[in-house]
Amino acid sequence: MLPKYEIIKQNILKEIDEGKFKPGSKIYSEGDLKKIYQVSNTTVVKALNDLVAEGYLIRRQGEGTFVRKNMLHRKVSFSERLTKKFNPQKNSERVETSIQICEDKRVLSQFEGKGPLYEIVQRAMIDDTLWKIQKRFVQTTLLSEEAVRHITDGGSVSKELGIENNLVNMPMSMTIEFKTVDILETNELQTNSVVIVKKTIFNNTTKEVIEYSESFIHPDFYEVNLIAE
C-alpha cells in the first residue's frame, strides 16, 4: 500500500492533468488536505513539498499553494519533418549509411566511458542535394553482426536496437540549436548556418544510455513543431 503522502501527491497530479487545477491556479490548503485525507500536518507538508521540488507546484507565504504556470513536467509533443522544399512527387530521397568504430572521447563520455561504440553515419539526400548528416552512436554489444548488416543496407537503427534488446517506449532527451559555425558538416552541407539536433535515448529500466546522436541539418530543409499540453 502506498504511503498517505504519495496518495495525496498522485491525486493532486491527477486533478492537474484532468484540468481541475489550471497552471497558475490555487489548489487545496493544508487544512483542506488534512480533512480530506484524515492525516497529520506533517504528511500534508511532505506531499506538497515533494510536488514543489518536482516542479509541479509553487508555495507562497501567506497566500497558499499554486500550480506552476510553467510546469517543468508538462506533456510536450513534437514532430520533425522536411519543409515544403521536398515534394515526394517531384523529388527523390535516399540515405547513404556507413558504420565504423568510434574512439572519440567526447562521445564516449556520453556513455560514461563505456565502449566500444559503433558510429553510424547516415547522409540524407534529396535528388543530388545533401540536406542532413546524422551520426548515431551505439554500444557494439547492443547490435549483432546481422543487425549491423541490416542497418548498412538501409534498415532502421531504432528498430534493430528494439528487436535485439527487447526495448520499447524508451525515454529521450533532446536539444535543438541553430548555429553559424565553420565545421566539416556545414562545409559538406554547403551552408554557413546549421540546425544541430542532439538526442540521448535511455533504457527505460536501467536508465543507461542506449543511443546518442548528433544531426546536422541544412536549415532550408528542417521544421519542428512543439505542442505543450
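User: Good. Is this predicted or experimental, and what is the domain assignment?
Analyst: This is a predicted model. The domain assignment gives domain 1 as 4–67 and domain 2 as 75–227.

User: How far apart do the C-alpha centres of the two domains lie?
Analyst: They lie 41 Å apart.

User: Now packing. Which residues in the largest nonpolar core touch the most other members?
Analyst: Ile 8, Ile 12, Ile 27, Leu 33, Leu 48 and Leu 57. That core has 16 residues.

User: Which elements give two or more residues to it?
Analyst: Helix H1 (4–17), helix H2 (30–37) and helix H3 (41–53). The largest share comes from H3, with four residues.

User: What is Ile 12 in contact with, leaving aside neighbours within four places in sequence?
Analyst: Ile 27, Leu 33, Leu 48 and Leu 51.

User: Switching to Glu 214. Where is it?
Analyst: Glu 214 is in strand S9, which covers residues 209–217.

User: Buried or exposed?
Analyst: Glu 214 counts as buried, because its relative accessibility is 5% and the cut-off for buried is under 20%.

User: What does its side chain make a polar contact with?
Analyst: The side chain of Tyr 212, at 2.6 Å.

User: And which contacts does Glu 214 have beyond four places in sequence?
Analyst: Arg 106, Ile 133, Gln 134, Lys 135, Val 197 and Lys 198.

Technical notes
Residues numbered from 1 in each chain as written. Predicted model: local features only at pLDDT ≥ 70, side-chain atom pairs only at ≥ 80, totals over all residues. Heavy atoms only, no water. Buried < 20%, exposed > 50% of the residue type's maximum accessible area, 1.4 Å probe, protein only. Polar contact = N/O pair within 3.5 Å; in protein donor to acceptor, adjacent residues only side chain to side chain. Contact = heavy atoms within 4.5 Å. Core = buried A, V, L, I, M, F, W, Y, C linked by side-chain atoms within 4.5 Å. Domains from an automatic or database assignment.
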